[in-house]
Amino acid sequence: MKRIILALAAVLLTVMPMYADTLTLQQALDGAAANNTDLAAAQITLESELRNNSLTSSLIPDISLTGGVGWSGFSLIDLSAGSVTGNYYLGIDWDVGNGIFTQNTVNSLSNDIAVLEYTLQAESVEEAVVSAYWTIALYRAQLESAESGLESARESLASIQEQYDAGYTDELTLSSAQYDVLSYQYQVLGYENTLETAYNSFETLTGIDARDLELEEIPELPELELPDADSLFSLASGNSTSLQQLRKQVELADASTASTRASYQLPSVTVSASYGIGSQASMSSFNDLWQDSGSVSIGVSIPISNWIPGSSGDVAVKNSIDQERQAAINLQEGSRSLYISIKEDIDSFRQNTSSLEVATQALGLAERTYELTQERYEAGYVTYDSLSDARSDLLTSQLSLQQSRISQLLSLYSLSFDTGLGIDEIISSYSTQEQ
């Protein structure tokens with residue numbers, strides 16, 4: 001499984017690397033690992049969970065050192081110095097019951113779930129970065145197309161203005177050309193604003209200002225023959241972080257029921273031990289320093305009343321069993337949702353692939369149509385309106401092609417995140433072309 005997972009250690013990075021002219025997708029992911037605030041907060045939560053679920057604190061005995069010194073019996077009138085007395089006591093107390101074994105299982109599973117929750121957060125950030133990165137690439141391409149249309153419209157306006165000034169064309173044609181320029185200017189401004197919003201979102205995610213950086217070329221995907229949803233779901237069952245977390249939740253609910261039953265309804269054995277050295281009373285001689293005492297006791301408790309229906313113990317156990325049932329339902333629902341999501345990914349990829357094929361053909365026709373219309377316009381066989389319509393169709397076809405390419409790529413990324421398979425792994429496994 002070749003997933004791009006944001007490593008825990010990467011969150012600890014504090015220095016951003018210097019980027020060359022091209023910002024790669026991996027560098028964007030690394031930037032998110034170092035600078036994303038949601039991920040940093042998730043890291044703190046994870047560390048807290050791991051610390052709180054440690055069993056060490058339950059096994060460490062209570063160790064204390066107490067003591068003091070006193071000066072009594074002195075008199076200023078009689079010039080009596082009195083006497084100095086002191087005491088110290090080093091004590092160790094340890095109290096542990098058999099419930100610690102079930103609690104150990106609960107804590108271990110809680111730690112596993114905490115790690116999986118962090119991984120889910122990391123994957124969520126990763127998916128957002130991937131989408132933001134290619135969205136910038138899309139908006140840049142759309143802006144370039146609009147700017148190209150604007151440049152062409154301005155060239156036409158300049159030519160028509162000369163013709164109008166010379167009396168060779170009418171005011172309607174000039175107005176149409178002027179309107180085209182304004183229309184393309186409006187489109188350019190719209191894409192500039194949209195692109196600026198995308199830059200801001202990307203910088204919030206990654207801490208990187210991508211305005212002056214080139215991005216990777218939008219990859220052209222080979223022809224893929226994806227299997228059905230059932231086959232990909234079988235692969236996802238072992239790779240999906242969300243399903244792993246839900247399974248751990250089921251295990252945790254089972255362990256919690258065992259721990260609750262042990263606490264309320266099963267006989268419990270408690271071992272208590274203490275040992276101390278020193279004198280807790282005032283020391284009268286040096287030998288008092290070496291006094292010691294210790295004790296060990298074993299207690300057995302049989303909670304008979306907690307078996308009575310409606311008792312606190314009975315209710316606690318039944319509530320815990322309900323949590324088991326709820327966790328099982330959540331796992332079932334999570335599996336169903338993942339299956340549906342994978343099916344939607346497959347359908348989306350196939351639809352976007354078909355749209356890309358149509359958009360590619362449409363762009364070729366639009367380019368040829370514009371070339372022929374421009375030639376006929378320059379030869380005086382068609383009006384400027386025909387040239388304007390052909391230019392508009394060309395721009396629309398360019399935008400449709402770019403949108404289809406990005407949509408196809410993002411649908412494949414979505415399938416990658418859902419299944420736990422890397423993009424390269426999916427391509428190598430299901431490409432119809434020879435590798």
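1. Contact here denotes heavy atoms within 4.5 Å. The structure is a predicted model in which local features need pLDDT of at least 70, side-chain atom pairs count only at pLDDT 80 or more, and totals for chains, interfaces and linings use all residues. Residues are numbered from 1 along each chain as its sequence is written, and side-chain values use heavy atoms, with hydrogens and water left out.

2. Overall composition. The protein contains 10 helices and 6 strands; these are DSSP runs, helices being H or I of at least four residues and strands E of at least two, numbered from the N terminus. Among contacts with a separation of 6 or more, 79% join residues 24 or more positions apart.

3. Burial and surface. Of the 435 residues, 38% count as buried, where buried means under 20% relative accessible area, exposed over 50% and partly exposed in between (1.4 Å probe, protein chains only). The protein exposes about 24,700 Å², and carbon and sulfur atoms supply 53% of that area. Accessible areas come from the Shrake-Rupley method with a 1.4 Å probe, and for residues only the protein chains shown count as cover.

4. Packing of α6 on α8. Helix α6 (residues 229–239) packs against helix α8 (residues 312–378) at an angle of about 125°, and their axes lie 9 Å apart. Axes are lines fitted to C-alpha atoms, for helices over the stretch in contact, and angles run from 0 to 180 degrees between N-to-C directions. The two helices are therefore oblique to each other, given that angles under 35 degrees count as roughly parallel, over 145 as roughly antiparallel, 65 to 115 as roughly perpendicular and the rest as oblique.

5. Residues at this contact. Helix α6 contributes Ala229, Asp230, Leu232, Phe233 and Ala236, while α8 contributes Ser335, Leu338, Tyr339, Ile342, Lys343 and Ile346. These divide into 8 nonpolar, 1 polar and 2 charged (nonpolar: Ala, Val, Leu, Ile, Met, Phe, Trp, Tyr, Cys and Pro; charged: Asp, Glu, Lys and Arg; polar: the others, Gly among them).

6. Alanine 236. This residue belongs to helix α6 and, at 0% relative accessibility, counts as buried. Leaving aside neighbours within four places in sequence, alanine 236 contacts Leu243, Leu338, Ile342, Asp418 and Thr419. The C-alpha atoms of alanine 236 and isoleucine 342 are separated by 9.0 Å, although the residues are 106 apart along the chain.

7. Glutamine 142. Located in helix α4 (residues 99–165), glutamine 142 has 8% relative accessibility and counts as buried. Not counting residues up to four places away in sequence, glutamine 142 touches Tyr191, Leu399, Gln402 and Gln403.
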